[in-house]
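Please open the model in your viewer and keep the selection tool at hand. The stops below move from a pair of elements to the whole chain and then to further places inside it.

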Amino acid sequence: MAGTTVFRNGRIFSAEDALATTADFLECLVVKDDKIAYVGSENDEKVKSAEASGAEVIDLSGQVVVPAFIDSHMHLLQFGLGLAKLNLSECKSFEDIKAAVSNYAKAHPEMSRILCRQWHQSATNGKALASMLDDIDPRPIYIEARDCHSTWCNSAALEELRERLEATADLYGEDIHRDDAGRPSGLVAEGAHLGMVWPFLTGACSMSERLTALNNAIDVYIESGYAGIVEMAMENNAWDALQLLRSQQDIPIHIAAHWAVPYSKDEQQIEEHLNEAIAKHREFHPSKSPELCIIGIKLFNDGAIGGCTAALSHPYMGYTNLVDPIWPADVLKRTVKKAVDAGLQVAIHAIGDVAISQTIDAIAAANHPQGRQRVEHLQLASAEDVKRVGQLGITASIQGVHMDPVVSTAYSRIVKPHLWEQAFAFRDFLDHGACVALGSDTPTARHLPLPNLYNVTTRRSAVRPELPDVVHEHYALTLSQAIAAQTSQAAYSRFAESWTGSLTAGKLANFLVMDMVWSAEKLLEAKVSQTWIKGQKRFQNTT
Ligand SMILES: [Zn+2]
């Protein structure tokens, strides 16, 4: 938008300080072209002179304005592709699933595969055999679990994966479920799901399907109040599609991507992935194109608590074996050091206390405290490691949605009490000086920012708010801290704080007009009325 707009009579959230427990509001915002020209009192000379020179004036009628949100951890192409899959979240039994998949298959004779998502594994009591699906449709059927950590395949799907399943049998071991005869039986989980099924299905999409998926994902993100994302497992299929999209049209949101470097027993392969990431970082460096850049690498160092694959210091309840981190400590150290020395940020998935300690050790050994390295999830960190995150300048990349009691209360029964007491210690990270950046981890979890903010501020369920459960209330962020984690802190985590993430003069005019009461308890009723990106209104809620 060329020209100047004065937004009067608002409650403009202007705090940049993540530790501020209460909010500061100013009443007036002036936008000139794509940037914020002024924030403050309506009676300032700048406001008067803007109005005198013919600026458009918008009366906000007391509405709250916050910086547009940044999702600090998400998977853009997978989210977009997921939007096109059959959603099975309402299915409560195998009969429900069968009927839904069958109807969908009949309605879509043009599809070469039947792709589904949001299967509650409990709906089939965890059973996931190819044979259960084989009489529904002859085409390959892929049913992704709700937590996005596994896929249930029919025999046609296993057949088209056969060469890959054979080639990776050693690498993925028990992640590929097998029958008594040793043949894959239907469920492909964890590493095999992320490292084989996802890339296969993404690669099997045509470029036009990928472009459509990206456009859909970006539209949904803007409607939800985001102006930026940190993409947490970039690879060539998604990156090539993004580059093509950018050559064809404007991409309204800013994207900083971490290139996925999977673990391999063959260190040569790790080296090749890392070299590819370093080359991409040089080509798409944040200093050249901050709004679409490769900023770092992403490593997975363990699994998830729900699947009993996060690396803990004790066996899960009912088990006797310990789960180790995915990366041996020395290989992790070498990989992190090389990436950090090449100027990349490292982002490492670590959920269990052992994986977290080992991850922080590797970051400490790389010794680059200004590099804003990140640890993703940090769900069961020891008290000592919470302190180290702050001391070492590491970003605590957290997701409120993962601690929703609907999911997390089951964890209290499978991990020991001393660890559970420390779970999701968001406030503790902040109080010990860490940058706390909030993300959704979509599509493994809901992308919506407001329920996520509700989770981190109330520590209660956003899915079933009537539940009495509160997960360690003393680790709650205040509302202004949570908004900072989703805006200014998220911007800091990806070196963008000089141009976005807060409402101060000179930064991009990326902001939301909210229909909300400023109270954590009321967040589930809050709505994004308008999303403004670079001074342009990109979304207007009409409901
Ligand atoms: Zn993720």
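Angles under 35 degrees count as roughly parallel, those over 145 as roughly antiparallel, those from 65 to 115 as roughly perpendicular, and the rest as oblique. The model is a predicted one, in which local features need pLDDT of at least 70 and side-chain atom pairs count only at pLDDT 80 or more, while totals for chains, interfaces and linings use all residues. Residue numbers start from 1 along each chain as its sequence is written.

**First selection: residues 329-341 and 353-366**

These are helix 12 and helix 13, which pack at an angle of about 45 degrees with their axes 8 Å apart (axes are lines fitted to C-alpha atoms, for helices over the stretch in contact, and angles run from 0 to 180 degrees between N-to-C directions). Helix 12 and helix 13 are therefore oblique to each other. To display the contact (C-beta atoms, placed from the backbone, within 7 Å), show Ala329, Leu332, Lys333, Val336, Lys337 and Val340 of helix 12 together with Gln358, Asp361, Ala362, Ile363, Ala365 and Ala366 of helix 13. Colouring by class gives eight nonpolar, one polar and three charged residues in this contact, where Ala, Val, Leu, Ile, Met, Phe, Trp, Tyr, Cys and Pro count as nonpolar, Asp, Glu, Lys and Arg as charged, and the others, Gly among them, as polar.

**Second selection: the whole chain**

Zooming out, the protein chain has 20 helices and 24 strands, these being DSSP runs numbered from the N terminus (helices H or I, at least four residues; strands E, at least two). The C-alpha trace spans about 80 × 55 × 50 Å along its principal axes. Of the 543 residues, 51% are buried, a term that requires 20 or more other C-beta atoms, placed from the backbone, within 10 Å of the residue's own.

Helix 2 and helix 9 pack here at an angle of about 95 degrees, with their axes 7 Å apart, which makes helix 2 roughly perpendicular to helix 9. Helix 2 brings Leu76, Leu77, Phe79, Gly80, Leu81 and Leu83 to the contact, and helix 9 brings Arg210, Ala213, Leu214, Asn216, Ala217 and Val220. By class, this contact has nine nonpolar, two polar and one charged residues.

Is helix 19 buried or exposed? Eight of its eight residues are buried, so helix 19 is largely enclosed by the rest of the structure.

How values were computed:
A residue is buried if 20 or more other C-beta atoms lie within 10 Å of its own, exposed if 12 or fewer, and partly exposed in between; C-beta atoms are placed from the backbone. Two residues are in contact if their C-beta atoms, placed from the backbone, lie within 7 Å.
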